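Please consult the sequence and the structure alongside the text.

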Amino acid sequence: MSIMVIILLGFGLAMDCLAVSIAEGTACKNMQIRHSLRMAFMFGLFQGFMPVLGWLTGMGLREYIQAYDHWIAFGLLGGIGGKMIYEAFKLEEIEKKSNVENFRMVILLAMATSIDALAVGVTLSLLGGSILTASIVIGAITFGVSCVGVAIGSKIGHLFENKAEIVAGVVLIGIGIKILLEHLIQHR
């Protein structure tokens, strides 16, 4: 898997965190830099770690699913992308439940926004490549995007978060289609 695809995956996965970060930046009137950095760090940590768990799971199942791994990758990425597009229209409901000053809430938000990264880890195990590189890139992108999200939220609020979720969903679906088409064309 190319570094460009990993970077696109990183940005796609980080969009949930971006949306939550924008919402927190908007909602939390006394947002301090330490709250912002703590939230971004936890989001990056979970987004970086969950693909490793997914990769380990996928490696354990690889010999059983290798014949149709491209369909699984397509299904997982398409499903995640579709879910992100669907959730783009439900952001307001999710945002009302969060509070960045509560560390337990930050952990729950980090876990909730990184479930998709677990599924991507399974996909990465099927495609090969370095999980360490992917994990570091995904975590670093998520950290940066989350920091930017809080700043955007505190300045301009909710203008872009839904659009970012939709774009990220389309990107993940596109990557899934690319994987499927490459495999089908190679095995003609």
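The overall composition comes first, followed by points grouped by topic.

The model is predicted, so local features require pLDDT of at least 70 and side-chain atom pairs pLDDT 80 or more, while totals for chains, interfaces and linings use all residues. Residues are numbered from 1 along each chain as its sequence is written, and side-chain values use heavy atoms, with hydrogens and water left out. The chain holds seven helices and zero strands; helices (H or I, at least four residues) and strands (E, at least two) are DSSP runs, numbered from the N terminus. Read from the N terminus, the order of elements is α-α-α-α-α-α-α. Of the 188 residues in the chain, 48% are buried; buried means under 20% relative accessible area, exposed over 50%, and partly exposed in between, with a 1.4 Å probe and protein chains only.

**Helix packing**

- Helix H2 (residues 33–65) packs against helix H6 (residues 131–156) at an angle of about 155 degrees, and their axes are 8 Å apart. Axes are lines fitted to C-alpha atoms, for helices over the stretch in contact, and angles run from 0 to 180 degrees between N-to-C directions.
- This angle makes H2 roughly antiparallel to H6. Angles under 35 degrees count as roughly parallel, over 145 as roughly antiparallel, 65 to 115 as roughly perpendicular and the rest as oblique.
- The crossing of H2 past H6 is right-handed. A crossing is left-handed if the near helix is turned anticlockwise from the far one by less than a right angle, and right-handed if clockwise.
- The contact of H2 with H6 comprises 14 nonpolar, eight polar and no charged residues. In this classification Ala, Val, Leu, Ile, Met, Phe, Trp, Tyr, Cys and Pro count as nonpolar, Asp, Glu, Lys and Arg as charged, and the others, Gly among them, as polar.
- H2 also meets H5: their axes come within 5 Å and cross at roughly 35 degrees, in a right-handed crossing. The contact of H2 with H5 contains 22 nonpolar, seven polar and two charged residues.
- The axes of H3 and H5 come within 9 Å and cross at roughly 160 degrees. H3 and H5 are therefore roughly antiparallel to each other, and their crossing is left-handed.

**Cavity**

- One cavity of 30 Å³ or more is found in a search of the whole structure. On a 1 Å grid over the protein atoms alone, a cavity is a set of points where a 1.4 Å probe fits but cannot get out, and a pocket is an open set with protein on both sides within 12 Å along at least five of seven lines; lining residues have an atom within 4 Å of a point.
- The largest cavity contains about 40 Å³ of space. Grid points are joined across faces, edges and corners, and a volume is the space filled by probe spheres set on the points.
- The residues lining the largest cavity are Met1, Ile6, Leu124, Gly128, Gly129, Ser130, Ile131 and Ala134. By class, this lining has five nonpolar, three polar and no charged residues.
- Ala134, one of the lining residues, belongs to helix H6 and is buried at a relative accessible area of 1%. The C-alpha atoms of Ala134 and Ser2 are 9.9 Å apart, although 132 residues separate them along the chain.

- About 250 Å³ of space lies in the largest pocket. Its lining numbers 14 residues, of which Leu127, Ile179, Glu182, His183 and Gln186 are the closest to its centre.
- Helix H3 (69–88), helix H5 (103–127) and helix H7 (161–186) each supply at least two residues of this lining, and H7 gives the most, with six residues.
- The lining of the largest pocket divides into six nonpolar, five polar and three charged residues.

**Selected residues**

- Trp71 lies in helix H3 and counts as partly exposed, at 45% relative accessibility.
- Ile80 and Ile115 are 35 residues apart in sequence, and their C-alpha atoms are 9.6 Å apart in space.
- His35, in helix H2, is buried at 6% relative accessibility. From C-alpha to C-alpha, His35 and Val106 are 9.4 Å apart in space and 71 residues apart in sequence.
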